[in-house]
Amino acid sequence: MTSQATVTFIGNATTLLRLGEFTLLTDPAFGHAGSRVHLGYGMWTRRLTDPAMTYADLPTPDAVLLSHLHGDHFDRAARRTVPRDLPILTTPQAGRRLRRNWPGVRGLPVWDAHEWRRGGQTLRVTALPGRHGPGLFDRLLPDVMGSLIEWEQDGEPLTRLYITGDTLYRPFLGEIRERCGEIDAMLLHLGGTRILGLLVTMDGRQGAALTRLIQPRVALPIHYDDYRVMKSPLSDYLVRCREGVHPLVRGETYDVPLRVR
């Protein structure tokens, strides 16, 4: 049995998750520094950093996990290189838009799950709630989902990973811990992204509040300085959360905590 669980940070919200026999690619964006991405309604932003790897550098994933359909999460470089037959798990809204070119896409309503089984191991992805924008402005933004990733061996849990997606902090996210139990690792999408002056991703203060709400064994902040629209540096979060936090460096592979069997 392959018993290791790792997260490799590629840049922005793009990570490679290797959980035993399974491999997932999250929010693929492989455009180089200086490239522009579309945010909708004629708005664009420019990338400031290069990703640590290209799609060609990666092992073939079992699926793509796409939190929502924005240009900084599925950019033109990714659309050119992600195979059209690769399964994509995303929101129902994004699934409808992608189905023509990626027939294996599946839109997951909140709390629905998809499973893979292989060699006695199970990988389960459950769609979790999220809110991309404040108030009525949220209706103008793409639907967004968080993801709970559970890896099991012979029915016994090995690790449980929560990826926040581009959500703002809201008290209702406490339902995640109530329904899902202890979270071993949490990948936070931070950055304090602002569009038309409005906050649409967690800044350091909101990220710290969500960390206290979920109480993961380890918090792994990502998505904080890759694009010009991100206004809250990683330090805004780190001054509020020091214990149980591991800031990922682009290109780094981190061992996710496993449960003792």
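Guide: Before counting, a cavity here is a set of grid points where a 1.4 Å probe fits but cannot get out. Please also keep in mind that this is a predicted model.

Visitor: How much space lies in the largest cavity, and which residues lie nearest its centre?

Guide: The largest cavity holds about 90 Å³ of space. Its lining is made up of 14 residues, and those nearest the centre are L39, H70, D72, T193 and V229.

Visitor: What classes of residue does that lining of the largest cavity have?

Guide: The lining of the largest cavity has seven polar residues, five nonpolar ones and two charged ones.

Visitor: And the second largest cavity, what volume does that have?

Guide: The volume of the second largest cavity is about 40 Å³. Its lining includes T26, D27, M145 and I163, and by class the lining divides into five polar, four nonpolar and one charged residue.

Visitor: Changing topic, is helix α4 mostly covered or mostly uncovered?

Guide: Helix α4, which spans residues 204-214, is mostly covered, with eight of its eleven residues buried. Among the buried residues of α4 are G204, A208, L210 and I214.

Visitor: What covers those buried residues of α4?

Guide: The elements covering them include the strands β12 (156-163), β13 (185-189), β15 (198-199) and β16 (218-222), together with the helices α3 (174-180) and α5 (234-238). As for its placement, α4 lies across β12, β13 and β16, and runs at about 160° to β13.

Visitor: What happens just after α4?

Guide: Just after α4 comes Q215, which takes a positive phi of about 55°.

Visitor: Now the sheet: in what order do the six strands come?

Guide: The six strands form an open sheet in the order β9-β10-β11-β12-β13-β16, and their pairing is mixed. β9 (113-118) and β16 stand at the edges with a single partner strand each, so one side of each has no neighbour in the sheet. From one strand to the next, the twist averages 15°.

Visitor: How many bridges join β13 to β16?

Guide: β13 and β16 run parallel and are joined by five bridges. To look at one residue, L188 has P221 in β16 as its bridge partner.

Visitor: What do strands of a sheet pair through, in general?

Guide: Strands of a sheet pair through backbone hydrogen bonds, in either a parallel or an antiparallel way.

How values were computed
Residues are numbered from 1 along each chain as its sequence is written. This is a predicted model: local features need pLDDT of at least 70, side-chain atom pairs count only at pLDDT 80 or more; totals for chains, interfaces and linings use all residues. Side-chain values use heavy atoms; hydrogens and water are left out. On a 1 Å grid over the protein atoms alone, a cavity is a set of points where a 1.4 Å probe fits but cannot get out, and a pocket is an open set with protein on both sides within 12 Å along at least five of seven lines; lining residues have an atom within 4 Å of a point. Grid points are joined across faces, edges and corners, and a volume is the space filled by probe spheres set on the points. Ala, Val, Leu, Ile, Met, Phe, Trp, Tyr, Cys and Pro count as nonpolar, Asp, Glu, Lys and Arg as charged, and the others, Gly among them, as polar. Buried means under 20% relative accessible area, exposed over 50%, partly exposed in between (1.4 Å probe, protein chains only). Helices (H or I, at least four residues) and strands (E, at least two) are DSSP runs, numbered from the N terminus. Contact means heavy atoms within 4.5 Å. Two strands pair if DSSP finds at least two bridges between them. Axes are lines fitted to C-alpha atoms, for helices over the stretch in contact, and angles run from 0 to 180 degrees between N-to-C directions.
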